[in-house]
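Here are my notes on the model you sent over. Have a look at the sequence and the fold first, then read on.

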Amino acid sequence: AQFDRMLGTEVRAPQSFEAVYDSALERQIAALADGSDGRIGVYAIDLVTGEEVGILADQRFPMASTSKVAIAATFLAGVDQGRWSLTSEFELPGRGKYISAREHLDLMISRSCNDCTDALLYAVGGPQAVNAWMRNVGIADFELTRDIATLVREDGRIDPATQIAFEDSASPRAMGQLLAGIYQGKWLSSYSRQVLMNAMSATVTGKRRMPSALPMSANL
């Protein structure tokens, strides 16, 4: 109820799923995402029909490493505009070593490299540039304020189960729309889109989490 009063969205753990969610699928997902021990937000879109389902889809949640997709998309949009290239070299923060933007991007997505993420974040102009790109493509409820090194250093300062912080947060709907738009080729050239899709397909982190319950064909 506290979250509902703050944000005007549905309650954290509705006592009657039937009274809150219209479809049987949403009610089933809501039951699985019962928020009695915290908050779980869900958003999914059918890429063919555009049909959507959402549970707490418009509440803010900490982004952590999910922000890396938006940073990568912002950088690739700059590549498409000729502002830099994938062969441009950028320093790994604090290491004094330079590697290509393509290597940074592949490592930040496939292996969740924080230093590589910050290198490209600095290259595009910082969090404000990422926020501006997201707004430009029509995605709201997204706000990046710190680099990844700072996020890691300050991890745990806010408990997302009991507090909502707007800094470095996004809604499930915003992140779902970002991924759908990238997949559908809305904002990046076909080459840049494929670079990002390939990096995502090569991801090795989190294999025992959501991917462990998905069929092998889920990325097709």
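The points below go from the whole chain down to one residue.

1. Ground rules. This is a predicted model, where local features need pLDDT of at least 70 and side-chain atom pairs count only at pLDDT 80 or more, while totals for chains, interfaces and linings use all residues. Residues are numbered from 1 along each chain as its sequence is written, and side-chain values use heavy atoms, with hydrogens and water left out.

2. The chain overall. You'll find 10 helices and seven strands, taken as DSSP runs numbered from the N terminus (helices H or I, at least four residues; strands E, at least two). Of the 220 residues, 41% are buried, meaning under 20% relative accessible area with a 1.4 Å probe, protein chains only. Among contacts (heavy atoms within 4.5 Å) with a separation of 6 or more, 61% join residues 24 or more positions apart.

3. A nonpolar core here is a set of buried Ala, Val, Leu, Ile, Met, Phe, Trp, Tyr and Cys residues joined through side-chain atoms within 4.5 Å. The largest one has 42 residues, and Phe75, Leu105, Leu120, Val130, Phe142, Leu178 and Leu196 have the most contacts inside it. At least two residues each come from helix 4, strand 4 (89-92), helix 5 (101-110), helix 6 (114-124), helix 7 (127-136), helix 9 (172-183) and helix 10 (190-201). Helix 4 gives the most, with nine residues. Apart from this core lies another, of seven residues, including Tyr21, Ile29, Val53 and Phe61.

4. Helix 4. This helix covers residues 67-80, and its end C-alpha atoms are 20 Å apart, in agreement with the 20 Å that its 14 residues should span; the expected figure is 1.5 Å times one less than the number of residues. Is it enclosed or open? Because 13 of its 14 residues are buried, helix 4 is largely enclosed by the rest of the structure. Gly82 follows it, with a positive phi near 80°.

5. Val130. This residue lies in helix 7 and is buried, with a relative accessible area of 0%. Beyond its neighbours within four places in sequence, Val130 is in contact with Ala70, Ile71, Thr74, Leu121, Val124, Phe142 and Leu144. Val130 and Ile71 are 59 residues apart in sequence, yet 6.0 Å apart in space, C-alpha to C-alpha.

6. Cysteines. Cys113 is buried at a relative accessible area of 18%, and Cys116 is buried at 1%. With a disulfide taken as a pair of cysteine sulfur atoms within 2.5 Å, the count comes to zero.

How values were computed: Buried < 20%, exposed > 50% of the residue type's maximum accessible area, 1.4 Å probe, protein only.
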